[in-house]
Amino acid sequence: LLTQPERVTLGYILGVRKIFNPPIQYALIILSLYGLFQFFFADFLDQIGLETSFNNYDGSPEEQERNKKIAPVIQWLRSRSQFLTFSIIPFMGLLSTLFYRKNKLNLAEHLVISIYAISFTLLPVILAGVLLAPFHSSLALDIYMNLTFISTFVGLSWIYNRSLKGVILKPTIIFIISLLLLIAILRIGLLIFFGH
């Protein structure tokens, strides 16, 4: 996936099974590594929560009450971020099917590419976290968050462009729209359960 991602994604779609891990198995391996990373470096990752506005109880009494209700939900979501990361895959598969119609791949094949791409983007996130967590400073946290953001876009663009031979902006647009759809669904869930 690092040097020739199209060999893995398109190879699996074309039926190569012996030399590549299936996408679900690959994703489970990455999920396990990310879960271990979260377990061992929970204190570093908890710093992210300390810098969010949900932990800031300034403002009107209504805003303070709302923030007190939402803060545990945000903490719960953060503790399960690897699963939230993977919940974007159906959106990405659907959108890439629409954006890359000329490739004549079906939805399942686009989901395979999305699984490999999202899984691949978590590897630099884990590596950056392992290298920066021991410093336990706000500078290390800022670097980690920026590296996470950049590596996600670079990794997705790399795999999508090599696998589907498209415009370089398409993967970024697909990821942003997918992320916005996921946030909208989470926001609707918060509205239903908390009424705010």
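**Terms and their grounds**

Mentor: Let us begin with T9: apart from neighbours within four places in sequence, T9 is in contact with L1, V112, I113, Y116, I159 and S163. The model is a predicted one, in which local features need pLDDT of at least 70 and side-chain atom pairs count only at pLDDT 80 or more, whereas totals for chains, interfaces and linings use all residues. Residues are numbered from 1 along each chain as its sequence is written, and side-chain values use heavy atoms, with hydrogens and water left out.

Trainee: What makes a pair of residues a contact?

Mentor: The term requires heavy atoms within 4.5 Å. Among contacts in the chain between residues at least 6 apart in sequence, 72% join residues at least 24 apart.

Trainee: Why is T9 called buried?

Mentor: Buried means under 20% relative accessible area, exposed means over 50%, and partly exposed lies in between, with a 1.4 Å probe and protein chains only. The relative accessible area of T9 is 0%, so T9 is buried. By this criterion, 41% of the 196 residues of the chain count as buried.

Trainee: T9 is said to be in helix α1. What makes a stretch of residues a helix?

Mentor: Helices are DSSP runs of H or I with at least four residues, strands are runs of E with at least two, and numbering starts from the N terminus. Helix α1 covers residues 5-13. The chain has nine helices and zero strands.

Trainee: How many salt bridges does a search of the whole structure find, and what makes a pair count as one?

Mentor: The search finds one. The rule asks for a side-chain nitrogen of Lys or Arg within 4 Å of a carboxyl oxygen of Asp or Glu. In the pair R162 and E6, the closest N and O atoms are 2.8 Å apart, and the pair therefore falls inside the limit. R162 belongs to helix α8 and E6 to helix α1, 156 residues apart, and the pair links distant parts of the chain.

Trainee: Are R162 and E6 buried, partly exposed or exposed?

Mentor: R162 is partly exposed because its relative accessible area is 25%. E6 has 15% and so counts as buried.

Trainee: Why is the link between H110 and S96 called a polar contact?

Mentor: A polar contact is a pair of N or O atoms within 3.5 Å; within protein, one must be able to donate a hydrogen and the other to accept it, and residues adjacent in sequence count only if both atoms are side-chain atoms. The side chains of H110 and S96 are joined at 2.9 Å, within that distance. H110 lies in helix α7 and has a relative accessibility of 0%, so it counts as buried. Beyond its neighbours within four places, H110 is in contact with G93, S96, T97, Y100, L105 and L164.

Trainee: What makes a set of residues a nonpolar core?

Mentor: Its members are buried Ala, Val, Leu, Ile, Met, Phe, Trp, Tyr and Cys residues, joined through side-chain atoms within 4.5 Å. The largest such core has 45 residues, and those with the most contacts inside it are F44, M92, I118, Y144 and Y160. Two or more residues come from each of α1, α2, α3, α6, α7, α8 and α9. Helix α7 gives the largest share, 12 residues. In soluble globular proteins, nonpolar side chains tend to be buried together.

Trainee: Which residues form the nonpolar patch on the surface, and what makes it a patch?

Mentor: The patch consists of I29, L33, L36, F39, F40 and L123. Patches are made of residues with over 30% relative accessible area and no salt bridge; like charges are joined within 9 Å, and nonpolar side chains (Val, Leu, Ile, Met, Phe, Trp, Tyr) within 5 Å. F40, at 57% relative accessibility, is above that threshold and counts as exposed. Helix α2 (residues 23-40) gives the most to the patch, with five residues.

Trainee: Where is K104 placed, and why does K104 count as exposed?

Mentor: K104 is in the loop between α6 and α7. Its relative accessibility is 74%, and K104 therefore counts as exposed. K104 also has a positive phi of about 60 degrees, although it is not a glycine.

Methods. Accessible areas come from the Shrake-Rupley method with a 1.4 Å probe; for residues, only the protein chains shown count as cover.
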